[in-house]
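This note sets out, in numbered points, what a careful reader may take from the model shown below. Please read each point with the structure in view.

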Amino acid sequence: MNDIKLLGRLANQPEMKQSANGRSYAWFTIAVPRQNDRDQADFIRCVAFDKLAAAICQHCGKGR
């Protein structure tokens, strides 16, 4: 399994959904500023599952 750590801000409000088999997940986008140019950012689409998804939707919002 890959382990990636990103430091940035949420570009939009996380969306909580449920899969066909009942597993909950959350989609969200992180804006990560570029190291050499702080005025530009890369937008990375992420997904979290189960308890982590619920925690992200409960405690995180756009811009945090």
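Predicted model: local features only at pLDDT ≥ 70, side-chain atom pairs only at ≥ 80, totals over all residues.

1. Residues are numbered from 1 along each chain as its sequence is written, and side-chain values use heavy atoms, with hydrogens and water left out.

2. Fold and extent. The protein chain has one helix and four strands, arranged along the sequence as β-β-β-β-α. Helices (H or I, at least four residues) and strands (E, at least two) are DSSP runs, numbered from the N terminus. The C-alpha trace spans about 45 × 25 × 15 Å along its principal axes. Contact means heavy atoms within 4.5 Å; among contacts between residues at least 6 apart in sequence, 41% join residues at least 24 apart.

3. Strand pairing around β3. Which strands pair with β3 in the antiparallel sense? Two strands count as paired if DSSP finds at least two bridges between them. β1 pairs with β3 in the antiparallel sense over two bridges, and L10 stands opposite I30 of β3. Strand β2 (residues 15-18) is joined to β3 by four bridges, also antiparallel, with W27 in β3 as the bridge partner of E15. β4 is joined to β3 by nine bridges, and these strands run antiparallel; here A26 stands opposite A48 in β4.

4. The hairpin of β2 and β3. Five residues lie between the two strands of this hairpin, and G22 takes a positive phi near 95°.

5. Burial of β3. Why is β3 described as largely enclosed by the rest of the structure? The reason is that eight of its 10 residues are buried. S24 is found in strand β3 and counts as buried because its relative accessibility is 15%. Not counting residues up to four places away in sequence, S24 touches M16, K17, Q18, A48, F49 and D50. T29, also found in β3, is buried with a relative accessible area of 12%. Its contacts, leaving aside neighbours within four places in sequence, are R9, L10, A11, N12, F43, I44 and R45.

6. F28. This residue lies in strand β3 and counts as buried at 9% relative accessibility. Leaving aside neighbours within four places in sequence, F28 is in contact with residues that include L10, P14, C46, V47 and I56. F28 and C57 are 29 residues apart along the chain, and their C-alpha atoms are separated by 9.3 Å.

7. The largest pocket. A pocket is found on a 1 Å grid over the protein atoms alone, as an open set of points where a 1.4 Å probe fits, with protein on both sides within 12 Å along at least five of seven lines; lining residues have an atom within 4 Å of a point. Grid points are joined across faces, edges and corners, and a volume is the space filled by probe spheres set on the points. About 360 Å³ of space lies in the largest pocket. Of the 14 residues that line the largest pocket, L6, F28, I30, C46 and I56 are the closest to its centre. At least two lining residues come from each of β1 (9-10), β3 (24-33), β4 (41-49) and α1 (50-59), and the largest share, three residues, is that of β4. By class, the lining has 11 nonpolar, one polar and two charged residues. Here Ala, Val, Leu, Ile, Met, Phe, Trp, Tyr, Cys and Pro count as nonpolar, Asp, Glu, Lys and Arg as charged, and the others, Gly among them, as polar.

8. Cysteines. How many disulfides does a search of the whole structure find? The search finds zero disulfides, a disulfide being a pair of cysteine sulfur atoms within 2.5 Å. For C46, the closest cysteine sulfur, in C60, is 12 Å away, which is too far for a bond. C57 is likewise in no disulfide, the nearest cysteine sulfur, that of C60, being 8.6 Å away. C46 is buried, with a relative accessible area of 14%, whereas C57 counts as partly exposed at 24% relative accessibility.

Definitions and conventions. Buried < 20%, exposed > 50% of the residue type's maximum accessible area, 1.4 Å probe, protein only.
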